[in-house]
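Please read these notes with the sequence and the model side by side. The points go from one chain to the contacts between chains.

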Amino acid sequence: MIFILIFLLWFTGFLAHEIVQPRTRKLIAPSPLPITTLRYVRFLLPGAALLLSLHTDWQTGVMIWLGLGACAGIVCALSLALWRQNAAQPDRPAPSEAK
Amino acid sequence: MPWHRVLWLLCAGCLAWSAALSWADLLTAASRLNPAQGAMAITAFATAFIPALIVIGYGARMHKWGLWFLVLLSISGIVIKNLAL
Amino acid sequence: MTKPGIRETFRLHMGWLHSWVGFIAGLVLACIFLTGTLTVFDQEITQWMQPEVPLSPLHHITPEALQTAADTVLQNQKQGRAVFINLPSARDPVLRVLHYNGTAFTGPAYDPATGLLLKGRDTEGGQFFYNFHYTLHSGRIVGGILTGLAGLFLLVTLLSGLIIHLRSIWPDMVLFRPFGPRPRAWLDAHLLTGVLFLPFLLVITYTGTIIQPYSLFAQKPRPAAATPARHIETTALPPLFPLIEETKKRLNTQECGFILFTPEDIRISRSDYSSLFLTRDQAIFDRNDGHFLRIITHDSTADRPFQLARGLHHARFSISVLSWLYFLSGLSCTILIISGLVLFLIKRRRISGHMTVYKLAEGFCILTVAGLPISALAFLWANRLIPVSFPGRAEAEVSVFFATWTLSATQAICFSLARRPFAAWTMQLITLAALGVGLPIADALMVPHPTPRNIALSCTVDIWCLITATAAAVAAMRLIKKTS
């Protein structure tokens, strides 16, 4: 459970980081959270994940934090790529209509 | 493949190798390590510094400061090592 | 046109260094990283390749089981063969008596509770990938030097890559455009894996280079020369069970790893699983009566960094989540290297595509990127297809691996030289997909799995085979679509 939480914190942190970037900000209008908040969120969430990882064993905790962070980054990048692709084709007809 | 670049890279590589190893020898000789620990320390030091010095040496292709820095580091390492050890 | 500044010139030079050193070393590094990734689960691969050995939950080892193992040790020593006992652990819950066959540690397994012989097929198992990872199957000296050099080149490539992409690392940390133009998608994949797994890549490359047994830089003193060949005492060994209990007390550890036998003494070592620092501390007992002689510990401040380096690289201490993270990180770093190789070719295809050197480079790239996974799967197929009683079947499995790789290399290079590289890529990717889809079916049809843990292990391997097959099939379909 704790690993899922660490993963989600990282994932949300990466998401906030990407939303702050001008290229993505343009696609989300209006932004659900103020940009200044997101700028802090992208640092705070991975920090919270680090605290969670360290609470039992700091040696393996650091490695789990880094590993789950990297995996969360990959999942976030793939999700954003799919989301961007869908956003770029908003009026694509449903398969039944296409036929 | 432009061969002068390869030559430059080899030159930077040799200088980096000699600089890192001579200084690693010097540093480990000053500490009280047994031969096995000394060998590991030299390996650890050289593995960290050789790539960095190669990057500096090769990156200095247009600005010779990097290569002169490497030459100086290498020669000083060899001279001090021979005088001190 | 303005003259580029010092910083820009430095970046330009780094681009050449990164591309060329990265490509040449990358061909070897892809093999090292792929086999290294498999090595994270070397024991589990061995267990999958010996499906006859039941993986029951870990029982406490009994004196009777140890006595059976000790008898096997004595029998082997009578034949002049050096063997040791590998004690059961949560990952590998059987007692093994192992010897080095020149490339891998192999030997019979025993039930740790009853001492019953668990007759498994003869195989090198995951040990094959482990040895290939750091010797490239070319001996400990030549292979060690080659992998050491590859490690150094990877560090050069890493540093130059960091300098090239320094500006885009922070804003493009999770930017991936797989639906964009082809070079862009490959570059994004390269940067994404490179940036996110940078800590892992740096640590694993650095530690991997410095723990090489044959160093490039300093002659490590070898352990005192082995006792000259002479008759080894083969009188009965003292009971081993009390010695293990005493070792646990003296080394203050929960688990012991293995038991070594010399003509004079018996050495019991701390388990590699017990700490992040791989210390290999030992308790030494007299061979004749089993009385305690001394302990060998390496706990000086100077030893700690190297024990940490070994521990971090071997990752034997890890809990299963961490092992999976190591596996996924290794896989991502392999993708990083493969995407770098493909990018190198894409960028030069238009200008240099007609040159023989380019065609050869593409052939080598195909045999590394597609040929090695094909050979690894062929190795697993051979394990299921070669009869259990086939003489020298462990060597036969290895031969299948190299024969498949040779075939793949020949096809890749011939097709590339004949200006048909896409056909070579497509054929090899389809072969990979077919082998990946077929292996779970062959496994289910040919081999019964005795325990739930064996079944779970088999399912995990099957899932990874199917993932590999799917990735290869998607890549092949995209290539076919592009070329048609």
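Which residues of chain A does UniProt list for "transmembrane region"? The unreviewed entry gives residues 62-83 of chain A. UniProt positions are given in the numbering used here, feature names are shortened, and annotations may be inferred rather than shown by experiment.

1. Basis. This is a predicted model: local features need pLDDT of at least 70, side-chain atom pairs count only at pLDDT 80 or more, and totals for chains, interfaces and linings use all residues. Residues are numbered from 1 along each chain as its sequence is written, and chains are lettered from A and ligands numbered from 1 in the order in which they are written.

2. The listed stretch. Residues 62-83 of chain A are 100% helix and 0% strand. Helices (H or I, at least four residues) and strands (E, at least two) are DSSP runs, numbered from the N terminus.

3. Chain A as a whole. There are five helices and zero strands in chain A, and the pattern along the sequence reads α-α-α-α-α. Of its 99 residues, 32% count as buried, that is, with 20 or more other C-beta atoms within 10 Å of their own, C-beta atoms being placed from the backbone. Among contacts in chain A between residues at least 6 apart in sequence, 67% join residues at least 24 apart; two residues are in contact if their C-beta atoms, placed from the backbone, lie within 7 Å.

4. Which chains touch. Two pairs of chains are in contact, and chains B and C share the most contacts. Chain A and chain B have no contact, and their closest C-alpha atoms lie 21 Å apart.

5. Chain C against chain A. Each chain gives 22 residues to this contact. On the side of chain C, α6 (182-196), α7 (198-210) and α10 (320-352) each supply at least two residues, with the largest share, six residues, coming from α10(C). By class, this side of chain C has 18 nonpolar, three polar and one charged residue. Ala, Val, Leu, Ile, Met, Phe, Trp, Tyr, Cys and Pro count as nonpolar, Asp, Glu, Lys and Arg as charged, and the others, Gly among them, as polar.

6. A helix pair in chain B. Helix α1 (residues 3-30) of chain B packs against helix α3 (residues 65-84) of chain B at an angle of about 35°, with axes 8 Å apart. Axes are lines fitted to C-alpha atoms, for helices over the stretch in contact, and angles run from 0 to 180 degrees between N-to-C directions. The contact of α1(B) with α3(B) has 13 nonpolar, four polar and two charged residues.

Definitions and conventions: Buried ≥ 20, exposed ≤ 12 C-beta atoms within 10 Å, placed from the backbone.
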